[in-house]
Amino acid sequence: MPPDPTAFTGAPPLCSAVSRHADPAAAVAELGEALRHPALGFVLFFCSADYPLDGLSRALETTFDRVPVVGCTTAGEISPLGYERGCIVAIGLSREAFAVSSAPVMDLDRFDLLGAQRLVDGLLEECRDVVPDGAGCFALTLLDGLSSREEQVLATLEAALGSIPDFGGSAGDDNRLARTHVYAEGRFHSRAAVVVMVATLLPFEVFTTHHLQPLDHKLVVTRADSATRRVLELNALPAAEEYARLVGVPVAALDAEAFALNPLAVRIADAHYVRSVQRVNSDGSLSFYCAVETGIVLTAMRPAPMLEQLEAVLAGLAQRLGEPALVIGCDCFLRRLELEARGELASASRLLSRSRVIGFNTYGEQHHGMHLNQTFTGVAIGSASRP
């Protein structure tokens, strides 16, 4: 018989915790005190890259012992109080309400459909005791945010997942763009991914949203190095110069805030998918967070009021699911930079807090096999079991 998520041993199906201790042992001990209970079945965490990762690995292994733990480094954390930096947040899932299985992908370059199908089949097999045949399942993916392999890995995984909804985020490193990590099987890994399969009788909805609207301005990528996600020319002119002209600032003023406030997107069918600029290179080219190639047309986008749009999305989720037990959120770090630039970070934190969002700021988001930028993507999990 599947477990009844309304009949607990005294612990809620989902609980969250945050620690702001800089010492990894003290930080994980605080998380353990908040999350540990007899029915704890899985721990998901997001941590600042400032932590000494070897020490954090040892502390996680010691504190949670036989409980599986998965996580990643971030470009900022979303705690029960909203946006934070320099901390570690964690979510505990009760085995009375969830069956959770996870597996790392250690070689992103060789991840093919056969390997993806074996991985998904194995994860589903571990979950079938709770919800047979994959019904009531969703998948979470965490990827190295500097691997440049997100598109290939996600498209391959999506083919294997079939109708199972999936979402996720790319690990960050506090905006240093140097090295990002995912955590699985007791240690942190770079150039790797981890896939988490979650089965539950609780209602849930996987979603993605952004607040960007298209303008009339177009830029054609006339020369690009798709392997490194670098655009050398836009409209047959040096890429950084042409982008700077479009947004009305000198090339020297192009920084993360300028990129956040002046996004570009590629149109596929009736939808626009953001291709965020990562940095200006010394040769005048632009590096992007998502795949780019010669010949694509980029549309200039204009940010609409972010908080108004996000509040409407979260309210819609609550209306459909009931008051959520938790929302796991993958929020692009460029959205956070935009909020900081507009002086709206505190208001956004209050919205996320009262909406029960826990998550992290990413170097890219993942939704149904797509690699996205400047979105808020996640899963909302309701409190009541399905009828």
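I268 counts as partly exposed, at 40% relative accessibility (buried is under 20% relative accessible area, exposed over 50%, partly exposed in between, with a 1.4 Å probe and protein chains only). The model is predicted: local features need pLDDT of at least 70, side-chain atom pairs count only at pLDDT 80 or more, and totals for chains, interfaces and linings use all residues. Residues are numbered from 1 along each chain as its sequence is written, and side-chain values use heavy atoms, leaving out hydrogens and water.

**I268**
- I268 sits in strand 17 (residues 264-268); strands (E, at least two residues) and helices (H or I, at least four) are DSSP runs, numbered from the N terminus.
- Beyond neighbours within four places in sequence, I268 is in contact (heavy atoms within 4.5 Å) with Y273 and M370.

**T208**
- T208 lies in strand 13 (residues 204-209).
- T208 is partly exposed, with a relative accessible area of 33%.
- Not counting residues up to four places away in sequence, T208 touches H367, L372, T375, F376 and T377.
- The C-alpha atoms of T208 and L334 are separated by 15 Å.

**Helix 9**
- In helix 9 (residues 345-354), the buried residues are A348, S349, L351 and L352.
- They cover an arc of only 160° around the axis, so they lie on the same side of helix 9; the arc is that of the directions from the helix axis to the C-beta atoms.
- Their cover includes helix 7 (306-321), helix 8 (333-341) and strand 23 (357-362).
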